[in-house]
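Have a look at the sequence and the model first, and then we'll walk through a few spots.

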Amino acid sequence: MQLEMLGWNGFFAGQVRAGVPGRVASAIRERFVVWTENGEVEAGVTGRLRRSGMGWPAVGDWVALREDAPVIEQVFERRTVLSRRQAGRAIEEQVLAANIDVLFIVSGLDHDYNERRIERYLVVARQSGARPVILLNKADLAGSYGIDLTGAIARLELWSGAPVVPLCALTSEGLSGLGGQLAAGETAALIGSSGVGKSTIVNRLLGEGRQATREVRAGDNRGRHTTTTRSMFVMPGGWLLIDMPGLREVQLWASPDQLDASFDDVRELAVGCRFRDCSHASEPGCAVLEAGLDAARLGNYQKLQRELDYLDRKTDKRLMSETKARWKVIHKAMRKNPKAG
């Protein structure tokens, strides 16, 4: 397999120092499957990379393997990074995938359908640098759950600015158009809750059952957590697709500026606000409040804004703490060995 078929280009070629370049196709804890021109390699990481504190390899990363051993010694700089805040209380980034061109945001038109969650995923997509495409799976069930499919598509297209594709993965209806969103060698990733049909989409596109699937729970149509690893596949059209486990929660890892990029309607209206730092909550002369936007959408915007402001404050404090600790170690070493200092 030629590297260009996997997305290799001059951006990555310019970073090669030594070793054998390849792309991470799957990751299970500290074991990685890497695709190279010489075939598939199962690899670990060098001790030097482990101790360096540099970026840990993620699915989609371009890496360099040692020529004499199946270990990763270099992770190349990423063009795009799909991240979220690590689940739990820790303020840490979790990289979900790297170097993706398109993010397929998958939502089921059943109990899973939630426009506020889609707005959250759009912020994740904008921050990553990938082009978002919204996939509304289980289109055949929309009527049964009281969802106006035509209205939902129009609404999502209006405020997201992203293509919206209704489909039914079980029957393959609508799937043929997905390849048109990418060129050969480009990479897409699927993101969404458990049970929305991400693995079924992969299997239908491949024409074979490569990914395990399970029926949703009979009682409430909620998804079952089936996919447990992130894996990349080469599609028949020459593009690549990363399937990821369903996300139970999506805590944002983004800057406050990225929020406005996902709420174009709010950003355009905010130009007319009386105060530049308007929070669009209760200020007099707020053009956003006066425009009569959908209350749920505006409420979600304000919620995400508070979340990102909190993240921004916490990451600044953590950076200051890490810098202070680093200089403390340096000054201590200089006191012990003044000549070296």
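What follows covers a helix, some aromatic rings and a surface patch.

This is a predicted model, in which local features need pLDDT of at least 70, side-chain atom pairs count only at pLDDT 80 or more, and totals for chains, interfaces and linings use all residues. Residues are numbered from 1 along each chain as its sequence is written, and side-chain values use heavy atoms, with hydrogens and water left out.

Let's begin with helix 5, which spans residues 198–206 and is mostly covered, with eight of its nine residues buried. Buried here means under 20% relative accessible area, exposed means over 50%, and partly exposed is in between (1.4 Å probe, protein chains only). Among the buried ones are I201, V202, L205 and L206. The helix's buried residues pack against five strands, namely strand 8 (102–108), strand 9 (131–137), strand 11 (187–191), strand 12 (230–234) and strand 13 (240–243).

Now for the rings: the structure has eight aromatic pairs. One of them joins F11 and F12 edge-to-face, at 5.1 Å centre to centre and 85° between the planes. For Phe, Tyr and Trp (its six-membered ring), a pair needs centres within 6.5 Å; planes under 30 degrees apart are stacked, over 60 edge-to-face, and the rest tilted. Ring pairs also tie W8, F11, F12, W62 and F76 into a cluster.

| Residue | Relative accessible area | Class |
|---|---|---|
| F11 | 35% | partly exposed |
| F12 | 1% | buried |
| M5 | 44% | partly exposed |

As for M5, its place is in the segment before helix 1 (10–13).

How values were computed. Helices (H or I, at least four residues) and strands (E, at least two) are DSSP runs, numbered from the N terminus. Contact means heavy atoms within 4.5 Å.
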